[in-house]
Amino acid sequence: MNFGAISAIYRAEMARFFRTLLQSFVSPVISTSLYFVVFGAAIGSRMDQVEGVDYAAFIIPGLIMLSVMTQATSNASFAIYFPKFIGTIYEYLSAPISFLEVTLGFVGAAATKALFIGLVILATSFLFVDFTILHPLAMLAFLFLTCISFALLGFIIGIWAKNFEQLQLIPLLVITPLVFLGGSFYSISMLPPAWQVVTRFNPVVYLISGFRWSFFGQADVPIGVSLAAIALFTAICLGIIWLIFRTGWRIRQ
Amino acid sequence: MPPIVSVRDLTKTYKGGFTALSGVTLDIEEGEIIALLGPNGAGKTTLISTICGITMPSGGVVEVGGHDVVRDWRRARDLIGLVPQEIALEPFSTVWNNVRFTRGLYDRPRDDAHLERLLRDLSLWEKRDAKVMELSGGMKRRVLIAKALSHGPRVLFLDEPTAGVDVELRRDMWRVVARLREEGVTIILTTHYIEEAEAIADRIGVISKGRIMLVERTADLMARLGRKELRIELTEPVAEIPEGLRREGLARTDDGGALVYTYDTHASRTGITALLADLQAAGLQLADLSTSASSLEDIFVGLVKEDTV
C-alpha cells in the first residue's frame with residue numbers, strides 16, 4: 001500500500017479546499033441561513049409542529065443532508081475530473097499507485113470537506129433554533145457514511161464526465177430533486193398515500209429519515225432499513241468503482 | 001548486464017482501431033542516452049506511454065528494471081520519471097507544492113534538500129512560491145522536469161522536451177541531463193531537433209509507422225550513412241561545368257559561383273584529390289573551400305522516405 005501517495009493526494013485536495021475557503025464555507029452557511037429565514041421563520045411560524053418537533057428544528061437534518069450530499073458529490077467529481085481536464089491525470093497513471101489508493105485520496109478528501117461543511121451548518125443551526133441531538137454518535141455515523149457514499153458517487157461521475165456540462169448534470173438533475181423530494185422539508189407521512197409509495201423508491205428518503213431519527217428519535221422508516229439502504233448505496237458505488245478500475249474505463253486506454 | 005528497459009514485440013491498437021505500435025522490440029542499456037526520432041504519429045509517444053503505464057499494451061512484453069510493467073507495475077513504475085510532451089500542471093498550486101506532490105505520489109519521504117537542489121539546477125528556486133499559472137511556458141516545462149526528477153528515477157523519459165523552448169532552457173536541460181548521466185540515470189528522449197539527438201545521444205532509434213526502423217550507435221550511424229559535401233567557391237562564375245570535370249556527385253550552384261561535390265567519407269577513394277587536380281587542369285581559380293557533413297536529419301528523411309515509397 002502506497003500510503004505516501006494517498007496522503008499526498010489527500011493533502012493536495014485539502015489544500016485546494018483551504019485555498020478557496022470563502023467559497024467552501026461561506027456559501028453553504030449563507031444558503032443555509034437563507035433556508036432558516038425563509039422556511040423556519042417565515043413559513044415555520046405559520047405551521048404547527050411536525051411530528052412533535054418545531055418546524056424550524058425539523059428541517060435541520062434535511063438541510064444538513066442537502067448540503068452534505070451536494071458538496072460531497074460535487075467535490076469528488078470535480079477533484080477527479082480536473083486532472084483529466086488539464087492533463088495531469090498522466091501523473092496518477094504513471095506513478096506507482098493503484099486505483100484504490102487514488103480513490104482513497106480523492107474520496108477521503110471530498111468526504112472530509114463535506115463533513116466539515118455539515119458540521120459548520122449544524123453549528124449555524126444552533127444560532128437560529130434551540131434543539132438537542134438525541135443520539136449524537138448515531139448522528140455522526142450517519143453524517144460520515146453519507147459523506148463517504150456520496151463522495152464515491154461523485155468520483156464515479158467525475159470519471160464518467162467528458163465535459164463540464166456532464167459534470168453538473170447528475171447533481172443538478174438527480175441529486176437535488178431527490179433530496180427535495182426525499183423529505184428534507186416535510187415528513188413523508190404528510191404526503192398522499194400514493195406518493196408515499198413512490199417516495200419509498202427514493203434512496204435519499206432513507207438517509208434523511210435515519211439522520212432525523214438521530215436528532216429527534218422519530219423517523220419515517222425504521223432505522224435499520226435506513227442503515228441497510230445507505231450500506232447498499234455505498235456497496236453499489238464501490239462495485240461500480242471496482243469495475244471502472246478493472247477495465248480502466250475512461251481513464252487508461 | 002540485463003537491459004534496464006526491455007521491449008519485446010510490443011503492439012498497441014487503440015479502441016478506435018488505430019494501430020500505433022506494430023511489433024516494437026528494443027533493449028535499452030542502463031546508463032545510456034537513447035534518442036527516438038520519427039515523424040508525428042510514428043508511435044513515439046505511444047511507446048513511451050506504454051512503458052510508463054499510461055496506456056495498456058495490446059500485445060508483447062515490457063520490462064523496466066526486470067519488472068513487467070503490467071504484472072509488476074508498482075516496482076516498474078517506481079523506477080521511472082516521465083516528462084510529458086504537453087504541459088500539464090496543477091495551475092493553482094505553487095511550484096514547490098507541485099514538485100513535492102509528485103515526490104509524495106512515489107511514496108518517498110520528504111527531502112527538502114533534494115528538491116532545493118533540483119529547483120536550483122533548473123533555475124526555478126526563485127519561483128518556488130509562485131503559482132504555476134503565473135509562470136511562462138518555458139518555466140512550466142522546467143517544473144515538469146523537476147517533477148519527473150523529484151523521486152530520483154533510474155530511468156527518465158523526456159517526450160519532446162525541447163519543443164518550443166528557448167536556448168537558455170535547452171542549455172539548463174542538457175546540463176541536468178549531463179549530470180544525470182554521470183549518476184547513471186538512463187535517459188530516453190524523443191525529439192524533432194535532430195542535431196540534438198546527434199549531440200547528446202549514445203544511440204539513436206528511428207521509428208516510423210509503429211515500427212523501429214533502426215537502432216544504432218550515433219557515431220556508427222553517422223559514419224555509415226554520413227556523407228560530406230565539399231563546396232568550392234570560384235573567383236569567376238562558370239556557366240556550366242567544364243567537360244573534363246563532369247563526374248558523379250558534382251553539381252553547380254544556381255548562380256554558377258560555386259561547385260558542390262558530395263562524397264562518401266568512408267569510400268576507399270573520396271575522389272577529392274582527383275577533383276582538385278582536374279580543377280587546376282581546367283584552369284578554374286579557387287576562392288575558397290569548405291566541407292560540411294550531412295546531418296542526421298538528411299539520413300532520417302531519407303529513411304522515412306524509403307519506407308513510404
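Modeller: Let's start inside chain A. A:L66 touches A:V179 and A:S184, leaving aside residues up to four places away in sequence. Keep in mind that this is a predicted model.

Biologist: What makes you say that A:L66 touches A:V179 and A:S184?

Modeller: Two residues are in contact if their C-beta atoms, placed from the backbone, lie within 7 Å. A:V179 and A:S184 pass that test with A:L66. There is also a C-alpha distance to look at: A:L66 and A:G182 are 116 residues apart along the chain, and their C-alpha atoms are separated by 9.8 Å.

Biologist: Where does A:L66 lie, and why is A:L66 called buried?

Modeller: A:L66 lies in helix α4 of chain A, which covers residues 60-86. A residue is buried if 20 or more other C-beta atoms lie within 10 Å of its own. A:L66 has 25 of them, so A:L66 is buried.

Biologist: And the chain around it: how many helices and strands are there in chain A?

Modeller: Chain A has eleven helices and zero strands. Read from the N terminus, the order is α-α-α-α-α-α-α-α-α-α-α.

Biologist: What makes chain A as compact as a globular protein of that length?

Modeller: Set the two values side by side. The globule rule gives 18 Å for 253 residues, and the radius of gyration of chain A is 19 Å, which is close, so chain A is as compact as a globular protein of that length. Along its principal axes, the C-alpha trace spans about 60 × 40 × 35 Å. Of the 253 residues, 44% count as buried.

Biologist: Which residues touch the most other members of the largest nonpolar core?

Modeller: They are A:A72, A:F106, A:V107, A:A110, A:C147 and A:A151, in a core of 131 residues. Take A:V107: not counting residues up to four places away in sequence, A:V107 touches A:A76, A:I148, A:A151, A:L152 and A:F155.

Biologist: What does the UniProt record say about chain A?

Modeller: An unreviewed UniProt entry puts the annotation "domain: ABC transmembrane type-2" on residues 19-248 of chain A. That span is 78% helix and 0% strand, with its end C-alpha atoms 31 Å apart.

Biologist: What is chain B built from?

Modeller: Ten helices and 14 strands. Of its 309 residues, 36% count as buried.

Biologist: What makes β6(B) and β7(B) a pair?

Modeller: Two strands pair if DSSP finds at least two bridges between them. β6(B), residues 80-83, and β7(B), residues 155-159, have four bridges, in the parallel sense. B:I80, for instance, stands opposite B:V155. From β6(B), B:I80 and B:L82 point one way and B:G81 and B:V83 the other way, and all are buried.

Biologist: And which strands form a hairpin with five residues between them?

Modeller: β1(B) and β2(B) do, and B:G17 in the turn has a positive phi of about 105°. Seven bridges join these strands, which run antiparallel. In β2(B), B:L21 is the bridge partner of B:K12.

Biologist: Last one: why is B:D9 called partly exposed, while B:D107 is called buried?

Modeller: Exposed means 12 or fewer C-beta neighbours, and buried means 20 or more. B:D9 has 13 inside 10 Å, so B:D9 falls in between and counts as partly exposed. B:D107 has 21 within 10 Å, so B:D107 is buried. B:D9 is in strand β1 of chain B, whereas B:D107 lies in the loop between α3 (95-105) and α4 (112-121) of chain B. B:D9 is not a glycine, yet its phi is positive, about 45°. Phi of B:D107, also a residue other than glycine, is positive too, near 60°.

Technical notes
Residues numbered from 1 in each chain as written. Chains lettered and ligands numbered in written order. Predicted model: local features only at pLDDT ≥ 70, side-chain atom pairs only at ≥ 80, totals over all residues. Helix = DSSP H or I, 4+ residues; strand = E, 2+ residues; numbered from the N terminus. Rg over C-alpha atoms; globule rule 2.2 N^0.38 Å. Core = buried A, V, L, I, M, F, W, Y, C linked by C-beta atoms within 7 Å. UniProt positions renumbered as here; feature names shortened; annotations may be inferred.
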